[in-house]
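Please look over the sequence and the fold before reading on. The report below goes from the whole chain down to single residues.

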Amino acid sequence: MKQGKVDVLLGLQWGDEGKGKVVDVLTPNYDVIARFQGGPNAGHTLEFNGEKYVLRSIPSGIFQGGKTNIIGNGVVLAPDLFMEEAKALEESGHDLKNRLCISRKAHLIMPTHRVLDAAYEAAKGKSKVGTTGKGIGPTYTDKISRNGLRVGDIFENFETKYAQCKARHEQILKSMNYDYDITEVEKKWMEGIAYMRQFQIIDSEHVINNLLKEGKSVLCEGAQGTMLDVDFGSYPFVTSSNTICAGACTGLGIGPNKIGDVYGIMKAYCTRVGAGPFPTELFDETGSTLRQLGHEYGAVTGRERRCGWIDLVALRYAVMVNGVTQLIMMKSDVLDAFKTIKACVAYKHHGQVIDYFPYNIEDDIEPVYEELPGWNTDMTKMTDESQFPKEFNDYVKFLENQLQTPIKIISIGPDREQTIVRK
């Protein structure tokens, strides 16, 4: 029997690249969609049939009938937020109980994890990381320090395990003199636990590998972006998990030799949410225009995204660490109105021009730009690449040459239909 295939889809910048839409577009080609890391700090926005959805923990393949969706062991899950998200989808007519499975080994975000998140950020003062406050970091900390609470624990001696974890968190918060009240949140959280028990809780690593043996195909969905990876991102202004391709192996229990294509998603420009270095950030009218045209506000937090020109130094690095085989460019239409497009091709670092991503991008980094002519054409109604203006085709070729990787899919608007697959 033919072995099934595993492809990985992930972000190459600082998150918010448009992964949800692309997963939804690619889902018909796969049997299984599996989230492999992150938690409700991720917001994957999808638009189709005049409706808009924001997914936080549920894989973006949930809207295509007949597909299995798996929340993998590498994900951290908040039961109350999961319940809220799942019930909203069920009310809009999507059958979750038969389509969604949750890994027994996924870790649970407790109410006290959120309090710890806020307390740690407050203690940092001006050195804040800019977390979403969803308790992600403290949950992964407990996981690594072997103090975590997992989905599988909700079926056995759960109250005792929960009380032990909570008491440990309370001790830490007491030592920080941090005031809080989780009464209402905890009540909703416990309702979320009861709700989760209705779903298929599985040993996901066995299920996925058995499906592969049966010849099924799996698309692994990443959250956030490569530049937020805890090892390879702009540390310490990063998330708490491995957002890169290797995270699909540890977050789902898949061997590296099973991975086929790696789809790297990028915007035609660049954005970032929260604190941390951003070499190509624009503080002028151009930056404001990018934000307005691109509707650059966080899907989960509503925070304004910082905007700038595309950073090809960081993208080359992201392509390298992920082993990207195909690029997908999002929000190309946002650049429709610009007379000139800039692209960062190198950094000036301590007086030297470098073309690689250094250890520290906080210190004395100045982008070196190349300018390209804009296309001044509304591309949002186009249905085929043959309709693209010459200047846009030149921009695409320039990026492919710089990144040494083909751009296979181009998005020219938020809707599912505004997606052009290049031949």
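## Basis of the model

This is a predicted model: local features need pLDDT of at least 70, side-chain atom pairs count only at pLDDT 80 or more, and totals for chains, interfaces and linings use all residues. Residues are numbered from 1 along each chain as its sequence is written, and side-chain values use heavy atoms, with hydrogens and water left out.

## The whole chain

The chain holds 11 helices and 20 strands. Both are DSSP runs, numbered from the N terminus: helices are H or I with at least four residues, strands E with at least two. Along the principal axes, the C-alpha atoms fill a box of roughly 65 × 55 × 40 Å.

Of the 423 residues, 57% are buried. Buried means under 20% relative accessible area, exposed over 50%, and partly exposed in between, with a 1.4 Å probe and protein chains only. The chain exposes about 17,800 Å², and carbon and sulfur atoms supply 48% of that area. Areas come from the Shrake-Rupley method with a 1.4 Å probe; for residues, only the protein chains shown count as cover. Among contacts (heavy atoms within 4.5 Å) with a separation of 6 or more, 77% join residues 24 or more positions apart.

## The sheet

An open sheet is built from 10 strands, in the order S9-S7-S5-S2-S10-S1-S11-S15-S19-S20, with mixed pairing. Its edge strands are S9 (200-202) and S20 (419-421), and each pairs on one side only. Neighbouring strands are turned by 20° against each other on average, direction ignored. Two strands pair if DSSP finds at least two bridges between them. Strands of a sheet pair through backbone hydrogen bonds, either parallel or antiparallel.

At one end, S7 (residues 100-103) runs parallel to S9, joined by three bridges. Ser103 has Ile202 of S9 as its bridge partner. Further in, S2 is joined to S5 by four bridges, in parallel. Arg35 is the bridge partner of Ile71 in S5. S2 also pairs with S10 in the parallel sense, over four bridges. There, Ala34 stands opposite Cys220. Both faces of S2 are covered: Val32 and Ala34 are buried on one side, Ile33 and Arg35 on the other.

Helix H10 (residues 312-322) is largely enclosed by the rest of the structure, because eight of its 11 residues are buried. Among the buried ones are Leu312, Tyr317 and Asn322. The buried residues of H10 pack against S1, S11, S14, S15, S16 and helix H11 (390-403).

## Aromatic pairs

The structure holds 12 aromatic pairs. Rings of Phe, Tyr and Trp (its six-membered ring) pair if their centres lie within 6.5 Å; planes under 30 degrees apart count as stacked, over 60 as edge-to-face and the rest as tilted. Phe82 and Tyr195 form a tilted pair, 6.2 Å centre to centre with 50° between the planes. Phe82 lies in helix H2 and Tyr195 in helix H6, so the pair ties together parts 113 residues apart in sequence. Phe82 is buried at 0% relative accessibility, and Tyr195 is buried at 6%. Elsewhere, ring pairs link Trp375, Phe388, Phe392 and Tyr395 into a cluster.

Pro138 sits in helix H4 (residues 136-144). Pro138 is buried, with a relative accessible area of 6%. Beyond its neighbours within four places in sequence, Pro138 contacts His113, Leu116, Asp117 and Tyr120.

Gln418 is in the loop between S19 and S20. At 19% relative accessibility, Gln418 counts as buried. Leaving aside neighbours within four places in sequence, its contacts include Lys21, Thr380 and Ile410.

How values were computed
Axes fitted to C-alpha atoms, helices over the stretch in contact; angles between N-to-C directions.
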